[in-house]
Amino acid sequence: MPTLAKAYVATSPTAALEPGTIERRDPGDFEVRIAIKFTGICHSDIHTARGDWASVKYPVVIGHEIAGVVEAVGARVTRHAVGDRVGVGCFVDSCRDCVNCRAGEEQHCLAGSTSTYNSVGRDGLPTQGGYSTSIVVDENYVLRIPDGIPLDSAAPLLCAGITMYSPLRNWNAGPGKREAIIGMGGLGHMGLKMAAAMGAEVTVLSQSLKKQEDALGLGAQHYYATSDPGTFEVLTGHFHLIINTVSADIDVDQYLSLLALDGTMVLVGLPSKPPTQRAWSLISLRRNLAGSKMGGIRQTQEMLNFCGASGGLGAEVEVIPASKINDAFDRVIASDVRYRFVIDAGTF
Ligand code: NAP
Ligand code: ZN
Ligand code: ZN
């Protein structure tokens, strides 16, 4: 018998999310059903619900920062047991056979990974995400959450956390490296905490000075307001790595000028317009411009283990009831979040 889950549903790009129900299938042989406890609000959820990106199939239940507890397992599940603390991120399946899946980079599956919502699953039905009370997922796409991380602050690790951990690791953040994070929102503050835990010298580049005290408290050595033109003069040629988390258009050339020789700027924020930059910004000082998308299952588990071993590192969260989701969206868009809204799934 399928289970009825309570959910909050997006019905059109302009309508507020509203309460509803969805059916969750019984776990197949290799699947687990998770009782969701907390779900983070990622800016990508808002982009999707509000139709910023193409091809959204309404009605859709969004949410891909899921933390909960296993409540049922299929007959042949070996990786998880009832009662385990687990998480689900941005994708719930992939082809498992292409070169990228085999390399543990399932987010780059050549057949297209199956997103946690707004995709089609192997059962031919639309996938529905974490703004709901339960979810059924193949055991190989379910992550273990270390005991030291509370589930509310663990939820954002499943997208914001891995999206920042992956470029930090892939571009060797650590002692002796000067890193900058542009935008101190959900992703940005996770990047700051993780880079600091890796031993890097971290600078936050934020629009204003409003978040300075918080940033320094979370481990940033330096903080600059990008509204001050002097910032770009002081920091010219300074950074080994810059990660741009901004969800709006920024002047990429201006930020490239802050990179040192062979430095790299990694784009993770997804503005609706493509960035443009002058060739000279890259030619000068042999700079690199790159992008990064979430992380694979293996690296996501590595990230969770790293956070567990770093004193239970998690997100700074504001836990809200489901009835406040629409207000929270407006506050995220206004950069007024400190630093991730997390929905208490007990209130759906
Ligand atoms: P968020 O919480 O809204 O954070 C974005 C931050 O960017 C804001 O807090 C703000 O920080 C800054 N910002 C916002 N508007 C700006 C503007 N007009 N000019 C300059 N700075 C601005 O969003 P998020 O959840 O961290 O997500 C950030 C972006 O990453 C979104 O586009 C999301 O879709 C994307 N994303 C990508 C991936 C991936 O795999 N690549 C994964 C998850 C999310 P300050 O107040 O400090 O300036
Ligand atoms: Zn996300
Ligand atoms: Zn694949």
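Select Arg 286 to begin: this residue is exposed, because its relative accessible area is 51% (buried means under 20% relative accessible area, exposed over 50%, and partly exposed in between, with a 1.4 Å probe and protein chains only). Arg 286 lies in the loop between α9 (279–283) and β15 (288–291); helices (H or I, at least four residues) and strands (E, at least two) are DSSP runs, numbered from the N terminus. The phi of Arg 286 is near 50°, a positive value in a residue other than glycine. Most residues other than glycine have a negative phi, and most peptide bonds are trans.

The model is predicted: local features need pLDDT of at least 70 and side-chain atom pairs count only at pLDDT 80 or more, while totals for chains, interfaces and linings use all residues. Residues are numbered from 1 along each chain as its sequence is written, chains are lettered from A and ligands numbered from 1 in the order in which they are written, and side-chain values use heavy atoms, with hydrogens and water left out.

**Further backbone stops**

Select Ser 335 next, in the loop between α11 (325–333) and β17 (340–344). The phi of Ser 335 is near 55°, again a positive value in a residue other than glycine. Ser 335 is partly exposed, with a relative accessible area of 35%.

Tyr 339 lies in the loop between α11 and β17. A cis peptide bond joins Arg 338 to Tyr 339, with omega about -10°. Now select Tyr 58 and Pro 59, which are also joined by a cis peptide bond, with omega about -5°. Pro 59 is in the loop between α1 and β4.

**The zinc ions**

Select ligand 3. Which residues coordinate this zinc ion? They are Cys 95, Cys 98, Cys 101 and Cys 109, each through SG, at 2.3 to 2.4 Å. Donors are N, O and S atoms within 2.8 Å of the metal (3.2 Å for Na, K and Ca); water is not among the atoms, so sites may look incomplete. The four donor atoms subtend angles of 102 to 119°, and the arrangement is therefore tetrahedral (four donors count as tetrahedral if all angles lie between 85 and 135 degrees). In sequence, the donor residues are spaced C-x2-C-x2-C-x7-C. Cys 101 is buried, with a relative accessible area of 8%, and Cys 109 is buried, with a relative accessible area of 8%.

Cys 42 sits in the loop between β3 (31–40) and α1 (43–49), and His 64 in the loop between α1 and β4 (66–73), 22 residues apart.

**Helix α4**

Select residues 160–170. Is this helix enclosed or exposed? Nine of its eleven residues are buried, so α4 is largely enclosed by the rest of the structure. The buried residues include Ala 160, Gly 161 and Ile 162. The elements they pack against include β10 (178–182), α5 (186–197) and β13 (239–244).

Within α4, select Thr 163, which is buried, with a relative accessible area of 6%. Not counting residues up to four places away in sequence, Thr 163 touches Leu 187, Val 268 and Met 294; contact means heavy atoms within 4.5 Å. After α4 comes Asn 172, whose phi is positive, near 60°.

**Domains and core**

Colour the chain by its domain assignment: domain 1 (3–159 + 295–347) and domain 2 (161–291), with bounds from an automatic or database domain assignment. Their centres, taken over C-alpha atoms, are separated by 26 Å. In domain 1, 23 residues are in contact with 24 residues of domain 2.

The largest nonpolar core has 90 residues; among those that touch the most other members are Leu 17, Tyr 131 and Leu 157. A nonpolar core is a set of buried Ala, Val, Leu, Ile, Met, Phe, Trp, Tyr and Cys residues joined through side-chain atoms within 4.5 Å. Leaving aside its neighbours within four places in sequence, Leu 157 is in contact with residues including Ile 149, Ile 162 and Met 194.

**The last stop**

Finish at Thr 3, in strand β1 (residues 3–9). At 24% relative accessibility, Thr 3 counts as partly exposed. The side chain of Thr 3 makes a polar contact with the side chain of Arg 33, at 3.3 Å (a polar contact is a pair of N or O atoms within 3.5 Å; within protein, one must be able to donate a hydrogen and the other to accept it, and residues adjacent in sequence count only if both atoms are side-chain atoms).

Note on methods
Four donors count as tetrahedral if all angles lie between 85 and 135 degrees; four count as square planar and six as octahedral if opposite donors are over 155 degrees apart and all others between 65 and 115; anything else is irregular.
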